[in-house]
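Colleague: Could you take a close look at the sheet, and describe how its strands are arranged and what packs on them?

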Amino acid sequence: MTDTVSFGYEDVSPEEKTRRVGGVFASVAGKYDVMNDAMSGGLHRVWKDVFVRRVKPRAGEAILDMAGGTGDIAFRMEKSGAAITVADINPAMLEVGIERAAKRGIDGLVWSEANAETLQWPDRFFDAYTIAFGIRNVTDIPKALREAHRVLKRGGRFFCLEFSTTLWPGFDDIYDAYSHHVVPKVGQAIAGDAESYRYLIESIRRFPNMERFKEMIGEAGFVQTKVEPMLGGLVAIHSGWKI
């Protein structure tokens, strides 16, 4: 790992990024889902539905949903009968998810505070590992990918939903203008926090492109790696298998 990592457009120490990312999500936790609707026009719901269909959770499986604090992915998967552990490094996000689960009458999920880079579970423990809109906020992404590989059983599958870079000509300029100039203002209006949303947009710009991230998943030990772009790559589903 290098001496510095990206925090939005800044280069900071790994320790500083971990601390500052924690502050971002502690700040926005209470309004996180409302902001997702506002920023994506509700499209994040469609993307998450597609994502879970690709994962294909099944009864009897053990699934780790990493960075899943608010429960969006876990709530979609629990209907399958799989045993789902929701993990997040940020306790504020977990608190939101636990409250939402209680309101929905969902009591079969396991909630756990965990760092994606140093997971507390033993080798070959889970059948599937999911992470949605969380990997770009991890300080050491290659280390987190290796940990995902470690805790998966042989034949286990890795699925990641993340923002990327759209390849549609013209649309990238429109989205760039919207995200840099509009999203922070929406964040200020809804969550009272423009700076955290400015970071979230900048972190998308600093995240590896689709092909490079696919390579990183392979470098972590996964095989049959694939990428499925949506909206030309504005959002992408990456996957891989452990053999």
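Modeller: Two strands pair if DSSP finds at least two bridges between them; strands (E, at least two residues) and helices (H or I, at least four) are DSSP runs, numbered from the N terminus. This is a predicted model, in which local features need pLDDT of at least 70 and side-chain atom pairs count only at pLDDT 80 or more, while totals for chains, interfaces and linings use all residues. Residues are numbered from 1 along each chain as its sequence is written, and side-chain values use heavy atoms, with hydrogens and water left out.

The open sheet has 7 strands in the order β5-β4-β3-β6-β7-β9-β8, with mixed pairing. At the edges stand β5 (110-113) and β8 (223-230), each with a single partner strand, so one side of each is left without a neighbour in the sheet. From one strand to the next the twist averages 15 degrees; axes are lines fitted to C-alpha atoms, for helices over the stretch in contact, and angles run from 0 to 180 degrees between N-to-C directions.

Within this sheet, β6 (residues 126-132) and β7 (residues 152-163) run parallel and are joined by 6 bridges. Thr130 stands opposite Phe159 in β7. Both Thr130 and Phe159 are among the residues that Phe51 touches, as are Ile73 and Ile237, not counting residues up to four places away in sequence; contact means heavy atoms within 4.5 Å.

α3 lies across β6, β7, β8 and β9 (235-241), running at about 165 degrees to β7. Helix α10 (residues 210-219) packs on the sheet as well, touching β7, β8 and β9, and its direction makes about 155 degrees with that of β8.
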